[in-house]
Amino acid sequence: MKPQFRSLLLTLLLATLVSAQNISEPRLEILHPKPDMQFWVDRIEVAGNIPQGSEVTIAGAVVSPDEDGLFRHLIDLETPEVLIPISETRGNEVFLDTIRIFHRNLDHMETDSTFINNNIPEELAIHMSYPRSGKFNGSQVSLRGRTHPATSLLMNGDTVKVFASGAFAVHVQVEQGENIFEFSATLDDSVVSEIVTLSRPLDRAPLTTLDDRSAQPRREHWLLAGDHLQLAIRGPASETVHFKIPGITGWTPMKEVRTGYYAASYHLVNIDGVTNTEVIYRLGTFSKRVRSAPLRIMTDAVGGLTIHEDTRVYDAPSTDQLLFPLADSVSLQIIGMENRMYRIRLGQYRTAYVLANRVELTPTSKLTSPHYLGSMRGENEADWAVFKIRTGTTRLPFEIKEKAVPARLELKVYGAKQGWEWTTYPEGDSVIAYLERSQPEDMVWQMDFFPKNSFWGWYGRYEGEYLVIGIRKAPEISKDNLFENVIIEIDPGHGGWQRGARGVTGYAEADANLRYSLKLEKLLLDAGAIVFLTRRDDHQISLADRARIAREDSVHIFVMAHNNAPGSSRNILEARGASTFYAWPSAKVLSDKIYPHMHNMGIETSGKVARYYYYLTRQTEYMVYLIEGAFMTNPPEEMFLLSEEGLDALAQAAFNGLEEFLIEKAENP
Ligand SMILES: [Zn+2]
């Protein structure tokens, strides 16, 4: 402990005594760091929330919160154990708190390359990291924790392997009822034990009546006359269940499609005028009736206008199958509502869903007849070739897809038709070889952009009364100095209170990501690249800010530096290997180039190259790919990521892949 901390601690103790007389409690909320957290980086953010009218002092520095009451302050970690004094001043009252954290030693290798753990506590202990005792819903789990690497460890009498890092893990079945797992560690004359008790709830008892919470629709539901309404409810097995839609049907029998689950489909024909109703379910003849959420049957589409700059379009009424984003003030044609999402019509046969709270209803739909588009004009603007299509005051939904074979951008504008056709290409040397227009449907206008070479980024957005499509010009890549003109953003994933995946010993992905990002930065700088990092210390940044930073830095390539963790029911001793991810074909080429180099890092390889539509991978203004270096949760891979040697190998693999990609681009742009 450093002397200055000792004196601060004294002051703290005194002040705590004084403040203990106050009845009111501090209202400061610390988001990060949590007590006893471990860090493998040198500079971390202290962050939290503080109410209006209060002031916060962190390690002697007065820190002012932003308008939302969030305060953030960076501190350097200089000692193995760090005490951070935090005080809140409200009027005349002072509240003090101290957070203890640990700054971990990074040196993990003996001269003979065997892994050592310099962070072992003096006293023998077992620290379980997951799961905690209590209610547990899964049927299997990897119990994990850390102890002294030289202990003999038993779980319920069976030997458990302890890795050189002190990590251990056992994959177990979790039965219904109470499960007791007792760990005991023996080292020399000391024995310690730790018990984890998991209670898995029993299966639900069979129903004796209709389950009103399962009556479909469970949330307000809108449909168009002519649609099919799907009905379902849970109840006792082998019974007679009927439904009725007042004003539309009489009592109609349902089918038991599986034990205790009754379903029916009803075709909504002969509806005159908008009908607000509901579905009523009945068990047998006289039982209690169960009602659904409100049901509205519309005879026409309703108009809507997006009211958020990041409204997203999904292909199902759930929130994970994203199709494309929409800007604000885009006109929509709404033909239903389900699960708090509006169903919208994009083409004759194509429908999609948007969150209802991102759309304002308008009395009439603007998209019942086609909007005629004006001419498209191409221009050169610094690093971009830009195409402007006059759309007028109505913003139509549009979708851009980068397609692989042949390489092209496919732009579809929904609700549009070609008006006066007059397309001009940008003057001089353009990135575009050819443009091809088509009208696949009466209300769907399409333009395909065929590039001269490969894509380096693109965008589509509304600017005033124009839909503007930008296509990034390729950097000049010379064989003699591959990286000279290439601008790269490295994005160390997570940070601050977003720790990412967690290793068994407590090592956070946020730290591992930053450590290898700094190494990759050095390799790239030495090779002559222009390099930016979205963060250089441990602090929180939103995904939107990461994307914006890269746009402002006008980068060509965006490297998402991450490490992996499996789903909670997987065996963490088995889930391992490096992977790369991308969303667009041009970035797949990069992902494919990096991946083989990750087979030479010295860890087992069982990963993959995969397409995944994350918020950041689906950014388009630059080439984005995601590196999942190794599994934080797998003890041997965690040791790999703890060591400088492992991180060097990971950074080198990421660099070699980029270099190979650029060598190919220099030969064949
Ligand atoms: Zn991550």
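**Figure 1. Y466, a partly exposed residue in a predicted model.** In this predicted model, Y466 has 18 C-beta neighbours inside 10 Å, so Y466 counts as partly exposed. A buried residue would need 20 or more. Y466 belongs to strand 44, which covers residues 466–472.

**Figure 2. The surroundings of Y466.** Which residues does Y466 touch, once its neighbours within four places in sequence are left aside? Its contacts are K388, I389, R390 and T391. Take T391 as one case. In sequence, T391 and Y466 are 75 residues apart. In space, their C-alpha atoms are 5.4 Å apart.

Figure 3. In general, strands of a sheet pair through backbone hydrogen bonds, either parallel or antiparallel.

**Figure 4. Strand 21 against strand 22.** Strand 22 spans residues 261–267 and runs antiparallel to strand 21. How many bridges join strand 21 to strand 22? There are 3. R258 stands opposite Y261, a residue of strand 22.

**Figure 5. The largest nonpolar core and F558.** This core holds 137 residues. Those with the most contacts inside it are V413, I488, F558, V559, M623, Y625 and A654. Helix 6 (residues 644–667) gives the most to this core, with 10 residues. Now focus on F558. Beyond its neighbours within four places in sequence, F558 is in contact with E489, D491, A550, Q619, Y622, M623 and V624. Another core, of 14 residues, lies apart from the largest one. Its members include V141, A167, A169 and I572.

Figure 6. The chain has 669 residues, and 37% of them are buried. It contains 6 helices and 50 strands. The C-alpha trace spans about 85 × 80 × 60 Å along its principal axes. The chain is divided into domain 1 (3–103), domain 2 (127–200), domain 3 (212–298), domain 4 (302–362), domain 5 (371–472) and domain 6 (487–667). Where domain 2 and domain 3 are compared, their C-alpha centres lie 49 Å apart. Contacts between residues at least 6 apart in sequence can also be sorted by separation: 67% of them join residues at least 24 apart.

Conventions. Residues numbered from 1 in each chain as written. Predicted model: local features only at pLDDT ≥ 70, side-chain atom pairs only at ≥ 80, totals over all residues. Pairing = 2+ DSSP bridges. Helix = DSSP H or I, 4+ residues; strand = E, 2+ residues; numbered from the N terminus. Domains from an automatic or database assignment. Buried ≥ 20, exposed ≤ 12 C-beta atoms within 10 Å, placed from the backbone. Contact = placed C-beta atoms within 7 Å. Core = buried A, V, L, I, M, F, W, Y, C linked by C-beta atoms within 7 Å.
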